[in-house]
Structures are given as structure tokens and as C-alpha cells.
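Please walk me through the metal site of this model and its surroundings. I would like the cut-offs stated along the way.

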Amino acid sequence: MTLQEEYSATTEEKQRALAELRNIKADFSGRGWFPGTSGNLSIRVGAYAPTRFQFAVTSSGRDKSAQTPEDFLFVDESGRPCEATALKPSAETLIHCEIYRLTGCGAVFHVHTVFNNLISEWFAERGSVPVDAVELIKAFNIWDQDARIDVPIVPNYADIPSIVPEITAALDPRIPGVLLRNHGIYAWGANAFEAKRHLEAFEFLFEYAYRMELLKGSARRG
Ligand SMILES: CSC[C@@H](O)[C@@H](O)C(=O)COP(=O)(O)O
Ligand SMILES: [Zn+2]
């Protein structure tokens, strides 16, 4: 068995991953989370080592509100397609690769929303979004009384490979997500269920943080 074969998944596992991605993509599309072909999703399949893994990822530039046979392809740890295909993996595949390499997680979801863009710009100089004592922090399995978290924000560059070392440096192992400034959130988890829970929690907390800043501002104005 070649190394590639050792890390490739069974046909059944690949089909299960694609079915799960189709359901997740339809769900997120229903929430309006893929404006203008933005967003990308991936689920890891097969054996894992930080230097050898494979995952299914959305193909680049497509309307993610549509369901077609060309929506996904499988790539390896370097982001290269695992088989001959005319499809192009997401332009941000290297970010998924780095998150899998650093965390060993099972799924990575990326969406652009107005709230995640606004809050990442508002707190950009601070370098993270502070969230204090909100119950939904428990979605990240943080159960401290009055827990406080800081969601990392990294610079956004047109050259995607330049973003990767920023994520490597900023990633907090306690926080399953990272914001790209004025771009969007990457959320991950051990599997698609957990990554979806984390993404929903992040989007709730970003809207909460945005509205809390407005309340504080109006209170200061009196
Ligand atoms: C078209 S704006 C969004 C893209 O530039 C990118 O940020 C994105 O999220 C989707 O890129 P894709 O290559 O389709 O995965
Ligand atoms: Zn994006």
C-alpha cells in the first residue's frame, strides 16, 4: 500500500463526507451565509497525521446556494487534488490545510457575514474580539463562571499564502475560530456537527458584541 493509499479514505467515507457537506452547505445557504459566491467548507476524511491528510473542500468560485455535481473535490495536506479533476479547489484551501495541520480537527467552515466583517474591523487594532460572560461561550466547551474569551483577528491579504503564517501565530487552541479582518470567520471542530455549533456560536457572539458596542456608545452619549 502506498503512503497516499494509506491516508486515503474508503469510498463509503468519502460519500458520507460529501453528503454531510451538501446538507451543511444547503443549511448555511438558507441563512444567506454565502453572498456573492463567498464562503468555503471542508471535511477531513481518512487517516490523519499533521503532515499527511485528505479532505473534501468546496470548489472555487461557485454559487454555494446551488447544488451541482461540481461542488466538491478531495485534496491532500498541500491542497493539491487527490485525483485528476477539472475542478479548482477553494482559493482559500491553504487556510484549511493549516487549520487541519495545527489542530487535527475534522471539519472547517468559512463564511462572510456583515456582523463578522463589522466586528473584525471594529476590533482590528486590538487584534481580537472580546466577549464577556455570555452563556453561549459554553458552545466552545468553556464552562468557567463569567468566562471571557478573545476571538483572534488576523490581517486579510489578497495573497492567500501570506495569511497562513498569521493564522499559525494567532490561533488559540482554546478558541475554535479565527477572524480575517473585513473578510470572514473560519470555525472548526472535531466533526461537522461541532464545527457547525462553533460557527453558529461565533455568529451569535459577533452580533451580540456589535450590539453591545452600540448600547455602550448610546449610554456614553446619555
Ligand atoms: C468572491 S468574494 C469571496 C472569495 O474571495 C473568498 O474569500 C471566499 O470565501 C470564496 O472563495 P472560493 O475560492 O470560492 O472558496
Ligand atoms: Zn472568504
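His112 is in contact (heavy atoms within 4.5 Å) with Trp33, Pro35, Ser38, Gly39, Asn117, His183 and Gly184, leaving aside its neighbours within four places in sequence. The model is predicted: local features need pLDDT of at least 70, side-chain atom pairs count only at pLDDT 80 or more, and totals for chains, interfaces and linings use all residues. Residues are numbered from 1 along each chain as its sequence is written, chains are lettered from A and ligands numbered from 1 in the order in which they are written, and side-chain values use heavy atoms, with hydrogens and water left out.

His112 sits in the loop between β4 and α4 (114-122), while His110 belongs to strand β4 (residues 107-111). Helices (H or I, at least four residues) and strands (E, at least two) are DSSP runs, numbered from the N terminus. With a relative accessible area of 22%, His112 is partly exposed, whereas His110 counts as buried because its relative accessibility is 0%. Here buried means under 20% relative accessible area, exposed over 50%, and partly exposed in between (1.4 Å probe, protein chains only).

The two side chains of His112 and His110 make a polar contact at 3.0 Å. A polar contact is a pair of N or O atoms within 3.5 Å; within protein, one must be able to donate a hydrogen and the other to accept it, and residues adjacent in sequence count only if both atoms are side-chain atoms. The side chain of His110 also makes a polar contact with that of Glu92, at 3.0 Å.

Both histidines coordinate the zinc ion (ligand 2): the donors are NE2 of His110, His112 and His183, at 2.1 Å. Their spacing along the chain is H-x1-H-x70-H. Donors are N, O and S atoms within 2.8 Å of the metal (3.2 Å for Na, K and Ca); water is not among the atoms, so sites may look incomplete. The unreviewed UniProt entry lists His110 and His112 under "binding site"; such annotations may be inferred rather than shown by experiment, feature names are shortened, and positions are given in the numbering used here.

Ligand 1 has an oxygen atom 3.0 Å from a polar side-chain atom of His112. A polar side-chain atom of Glu92 lies 2.5 Å from an oxygen atom of ligand 1, and a polar backbone atom of Ala91 is 2.7 Å from one. The protein covers 73% of the 420 Å² of accessible area that ligand 1 has on its own, by the Shrake-Rupley method with a 1.4 Å probe; for residues, only the protein chains shown count as cover.
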